[in-house]
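Here is a short report on strand pairing and aromatic contacts. View the sequence and structure first.

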Amino acid sequence: MTTATLSEIPAGADELSVWPVSTTRLPHGGLAVGGVPLTEIADRFDTPAYVLDEGEVRARCRAYRDAFPDAEVLYAAKAFLSRAMVHRVAEEGLGLDVCSAGELELAVTAGFPPDRIVLHGNAKSPRDIATALRLGVGRIVIDSPSEIARLAAAVGPDGHQKVLVRVVPGISAGGHEKIRTGTEGQKFGLSLIDGSAQHAVARILGQPQLELVGLHCHIGSQITDVTPYAGAVRRMVGLMARIRDAHGTVLPELDMGGGHGIAHRPGEAALDLPALARRLRAELAESCAAAGLPVPRLAVEPGRAIAGPAGVALYRVLAVKRTGDRVFVAVDGGMSDNPRPALYGARYAPRLIGRHSTAGPLTATVAGRHCEAGDVLATDVDLPGDVRPGDLLAVPVSGAYQFSMASGYNMVGRPPVIAVDDGTARLLVRRETLDDFRRRDIGD
């Protein structure tokens with residue numbers, strides 16, 4: 001088993017600084033990840049394909065356990081979930097954060113303990129709630145006032161369910177306006193400013209079958225500065241003190257969510273995990289001491305920070321086209337397997353692998369194959385000037401929010417997921433085929 005650690009990645013050291021620790025250079029321009037040449041994976045499993053370095057996943061889980069030894073670390077399943085990922089997370093001692101009955105069922109049927117699972121969602125369906133109660137999920141996060149009565153009714157007069165309240169602390173953080181979730185005026189949570197959170201707390205405390213065990217907040221995604229987290233802690237502890245004063249209830253848990261930023265390209269900033277852990281612990285202790293509260297058990301929810309850097313996407317070049325002063329390198333995937341550039345302007349660093357080129361650099365746009373002008377995977381990237389159809393491109397930091405957000409657009413089929421570890425490659429999720437589309441289409 002590969003036992004690489006995060007400390008082995010010197011930030012910004014070179015062009016491979018954002019690749020998995022196990023990445024090694026091979027002759028003739030090749031790269032191996034987890035001891036397996038990427039060209040071999042492309043030949044064996046075809047392209048496009050997602051590659052997941054399981055040693056990197058384990059190392060990142062352990063880095064969180066080391067940084068937060070007394071806290072609950074919950075892997076955010078929405079970043080990437082498969083049965084194998086469930087097993088790796090469980091083996092490394094993390095809990096799980098899910099957002100639907102589908103994610104929950106997959107996790108529990110793969111053997112994950114339901115009491116170590118937290119169910120999120122701003123609009124939980126009756127199926128989501130019924131599944132969570134049937135399987136015995138550990139916590140349900142209340143996200144809106146209407147959920148309180150619905151959940152209480154579903155639990156029944158003789159039932160019992162532990163819950164958290166998701167609070168909007170009024171703090172703006174995150175890499176794009178569409179992933180900033182800690183401010184007013186968005187769909188998640190209950191406002192601290194207008195009193196919605198306090199009102200929800202009072203209503204929950206009036207439901208004997210619901211046990212309010214703590215508060216939850218998530219201020220955004222792709223955050224690279226620890227300061228917003230410290231501000232959120234202070235506001236959440238302030239609310240806990242007001243709940244104690246108003247209701248005599250001392251809450252034992254505080255979940256600060258995730259959103260921990262990672263670098264997608266060499267030289268980009270990433271959140272300093274040890275610094276975050278130190279700051280959260282210190283701020284929590286200081287704020288609780290000032291409020292006369294015992295320190296609650298802390299929870300964090302990393303997703304992208306665990307799965308993202310462990311993934312590599314592989315594509316074949318289909319066409320190279322010069323249009324005016326721009327060069328388009330079109331590949332056999334696109335927004336159906338990675339919608340993030342179109343949604344958030346996410347930027348990646350594709351790399352030619354499998355052959356060594358002596359040609360000078362060419363600034364190009366790597367475009368997808370779909371019928372959208374916005375189907376672009378990477379802009380203004382340097383590729384060899386002789387890039388041509390048949391070449392293999394590899395894109396690092398592709399492990400999060402690509403497989404999970406993939407679609408059936410143009411019926412090209414979602415790519416497979418291949419795990420690599422210790423020189424071995426194995427299929428985790430097979431490629432979606434035309435037969436899969438046919439089976440689902442039952443009309444005439």
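The model is predicted.

Strands β5 (residues 72-76) and β6 run parallel and are joined by three bridges. G95 in β6 stands opposite L74. Between β5 and β6 the chain passes through helix α3 (residues 83-91), and this β-α-β crossover is right-handed.

Strand β7 (residues 117-119) also pairs with β6: they run parallel, with three bridges. Here D97 has V118 in β7 as its bridge partner. A right-handed β-α-β unit is formed by β6, helix α4 (residues 101-109) and β7.

## Aromatic pairs

How many aromatic pairs does a search of the whole structure find? The search finds three. One of them is Y50 with F403: the ring centres are 6.1 Å apart and the planes lie at 85 degrees, so the pair is edge-to-face. This pair links distant parts of the chain, 353 residues apart. Y50 sits in strand β4 (residues 49-53), F403 in the loop between β19 (392-396) and β20 (417-421). Y50 is buried at 5% relative accessibility. F403 is partly exposed, at 23% relative accessible area.

The rings of Y64 and F68 are stacked, because their planes are at 10 degrees, with centres 6.4 Å apart. Y64 is buried, with 4% relative accessible area. F68 is buried too, at 2% relative accessibility.

## Ring cluster

Y50, F80 and F403 are linked into a cluster by ring pairs.

Terms used:
Residues are numbered from 1 along each chain as its sequence is written. This is a predicted model: local features need pLDDT of at least 70, side-chain atom pairs count only at pLDDT 80 or more; totals for chains, interfaces and linings use all residues. Side-chain values use heavy atoms; hydrogens and water are left out. Rings of Phe, Tyr and Trp (its six-membered ring) pair if their centres lie within 6.5 Å; planes under 30 degrees apart count as stacked, over 60 as edge-to-face and the rest as tilted. Helices (H or I, at least four residues) and strands (E, at least two) are DSSP runs, numbered from the N terminus. Buried means under 20% relative accessible area, exposed over 50%, partly exposed in between (1.4 Å probe, protein chains only). Two strands pair if DSSP finds at least two bridges between them. A crossover is right-handed if, with the strands pointing away from the viewer, the path from the first strand over the helix to the second runs clockwise.
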